[in-house]
Amino acid sequence: MASPNPTKRGVVLVADDDPVMRLLMLEMLGQVGLDGIEAEDGEQAVATFQGMAPDLILLDVEMPNMDGFSACREIRRIETGAPVPIIMVTGGDDIEAVTHAYEVGATDFVSKPINWPILGHRVLYVLRASDAIVRLRMADAHNRAVLAAIPDTFFRLNRDGFYLDYEPGHERHGRDASAPFPTETCIGKHITEVLPREIAERLLEQMRAVLDTQHIRSVDYELVRFGAVHHFEARLVATGASEVLGLVRDISERKRTEEQIRRLAYCDSLTGIPNRQAFLETLERELHRSKAGNKKFAVLFMDLDAFKRINDTLGHNVGDNLLKVVSERLRETIRPSDLVSRGDQSSRGDQSHNLARLGGDEFTILIPDLERVDHAMNVAQRVKEAMRRPFLIEGNEIFVTASIGISLFPEDGDDCNSLLKFADTAMYHAKNCGKNNAKLYSSSLTMQIMSHVKLEVGLRKALKNQELYLLYQPQIEVRSGQIVGVEALVRWRHPERGIISPTEFIPLAEETGLIVPIGEWVIRTACNQARAWQRLAKRSLRMAVNLSAKQFKDENLTQIVVSALHETGLDPKLLELELTEGTLMDDARATMSTLEQLRGIGVYLSIDDFGTGYSSMNYLKRFDVRALKIDKSFISGLPQDSENAAITRAIIAMAHGLKMVVVAEGVETDEQLVMLQQYGCDMVQGFYLGHPLPHDAITQLLLHPVVDPAPAK
């Protein structure tokens, strides 16, 4: 079969009701050489599929008129040729949505938030896998047609097993591989004289069954002929009460094709080790074996801690090569005694199936016949140590660590899904405990995750249900003692749990992407409040709002700020946007572009938590921000800590040299305030000067100002 044109560009149908998502998807597809066509909903996707016949379809789950599940089901119903690959785009790690996607005919799925850099490569992988399956099916059909065109070997046997007739098939080289003798030497001979005894006895047994039941029977067997192993299928049918007609076909090509398909289905194409499906079947067999033998086993779930960073910094080619070397090192690290039941090696089959790559940088290891939990922990420790040794990839010395979760049968579960899920849960716990860790599963971990999920669901409803509110912490000008600004701080009053600490829900908002809509609400609410105070107190008050890294990277940030200022009528210079050093340094080129847009609006820009990150004068000059806030960790030790005092004085001098305003956070004592005043600090905030307060309390402070700061009551 001729190979396809390597320069041909594939066509991908992108179906999503969000035009921005479609634009991003098309851009990512274009970067890997794929053409894209668009559909705005499920109905349009089905119509476009019928008219354009794309090579692959990306279907969003949530769409108007017809959702992604319905569209997928309809496409599967109407397609007439080879199934087109369909990738469903689901919201987050929704197991039910993923299961439903496969039920309606999806080939694969991608979770939101989408990892944009790998989207195009994911699509290419699915296309390649689909093409490979199609090619293998075509090859199988071709081989079957060729074999069908070659007459089978025919023979007749009497009840006693003697050849009455024999007509060999026509082989390519004029020889029949199914029998060792010419036709005339077979007739009259007993089958045990022509074929190996074990094969002959199997044929005789089936021949008697055919004569007794008058039903067709078949026997598969192997013969070494002309230096190669040949696979044959002999079909037996009764032609009377005492004779059997046999038809023998060489099925070697079919066996090889089946093996190719089996490898495609069960072997990870990148590393060569078993994939998820192979591991699940191995795990199922081990489960039955252990239940029957009253034995224990362990499942280890491993994830590389720094893999995303390597992919992002060194490229996916280096990442792929790293995964190959990792799989080789895992094979070398896991001892045979870890994988094979002692005294039972002959019955266990291929040991390599106990190690698998589930996908990405996730690997699993099955440890059968577990006598002590310590044994599983010892294996995990050896794997961790092996991963810590440097990897040399394309001239780069790469260092990674591994987080490992362990589940045990029967203690943690008695079915495959539970054991794998619980090992995964324990792995995430190990990662949260500082990475390069190995942890055993416990039921309390599931409770923690359920609590986490419940909190996420509540946070998604918090904006709509008006559960979020703002507190404002005063910023005092050191020279005059007056309130010149406030910092807006978001809080959450949960309907059941009450006030939830920002240290609990802000990281969750960051993780889930909810920080973007929450941040937009904070900006709008804060601007509106600042404008209200301006009208009421007849004076200007700067409103400071923190921007998270995800907010700063949001392409709609500038428009959100412009819209909030326009709707509230607040002067742009009275809105202060606080950014961390890490946010600014993450992507210097994109950072400069966003900062220029914000400066163009006229808002006041400052650096939050200064001193805890890069603290580089070069980037301070390049980013041209107006103010910096000294992190409270430096203030807390004053005045006793001489090192912190020196650092604080140096930061203030440096900032003033760059014509920047300096704000000290976390001022809690009069001694700290006096020292900062001596150092020339411009503004201060902290509990000594005022706790975060609701808007009405700030209103009273503005209407009845107190010049000399006193501890907040």
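Analyst: Happy to! This is a predicted model.

User: Where does Ile449 sit?
Analyst: Ile449 belongs to helix α17, which covers residues 443-462.

User: And is Ile449 buried, exposed or partly exposed?
Analyst: Ile449 counts as partly exposed, because its relative accessible area is 36%. As for helices in general, residues three or four places apart point the same way, because an α-helix has 3.6 residues a turn.

User: Nice. Switching to α3, which of its residues are buried?
Analyst: In α3, residues 68-78, the buried ones are Gly68, Phe69, Ala71, Cys72 and Ile75. Seen down the axis of α3, they fall within an arc of 165 degrees, so these buried residues line one face of the helix.

User: What goes on at the start of α3?
Analyst: There, Asp67 has a side-chain oxygen that comes to within 3.3 Å of the backbone nitrogen of Phe69.

User: OK, new topic: His190. Where is it?
Analyst: His190 is in the loop that runs between α6 (183-186) and α7 (191-194).

User: Is His190 buried or exposed, and why?
Analyst: His190 is buried, because its relative accessibility is 15%, and the cut-off for buried is under 20%.

User: What does the side chain of His190 reach?
Analyst: It reaches the backbone oxygen of Asp160, at 2.9 Å. If you set aside neighbours within four places in sequence, the contacts of His190 are Asp160, Gly161, Phe162, Tyr163 and Leu204.

User: What about the peptide bond from Phe409 to Pro410?
Analyst: That bond is cis, with omega near 5 degrees. Pro410 lies in the loop between β16 (402-409) and α16 (416-432). The bond from Leu638 to Pro639 is cis too, with omega near 0 degrees, and Pro639 is in the loop between α25 (632-635) and α26 (642-657).

User: Last one: what is phi of Ala53?
Analyst: Phi of Ala53 is near 50 degrees, which is a positive value in a residue other than glycine. Ala53 is in the loop between α2 and β3 and is exposed, because its relative accessible area is 54%. Gln466 also has a positive phi, near 55 degrees. You'll find Gln466 in the loop between α17 and β18 (468-477), and it counts as exposed because its relative accessibility is 72%.

Note on methods:
Residues are numbered from 1 along each chain as its sequence is written. This is a predicted model: local features need pLDDT of at least 70, side-chain atom pairs count only at pLDDT 80 or more; totals for chains, interfaces and linings use all residues. Side-chain values use heavy atoms; hydrogens and water are left out. Helices (H or I, at least four residues) and strands (E, at least two) are DSSP runs, numbered from the N terminus. Buried means under 20% relative accessible area, exposed over 50%, partly exposed in between (1.4 Å probe, protein chains only). A polar contact is a pair of N or O atoms within 3.5 Å; within protein, one must be able to donate a hydrogen and the other to accept it, and residues adjacent in sequence count only if both atoms are side-chain atoms. Contact means heavy atoms within 4.5 Å. The arc is that of the directions from the helix axis to the C-beta atoms.
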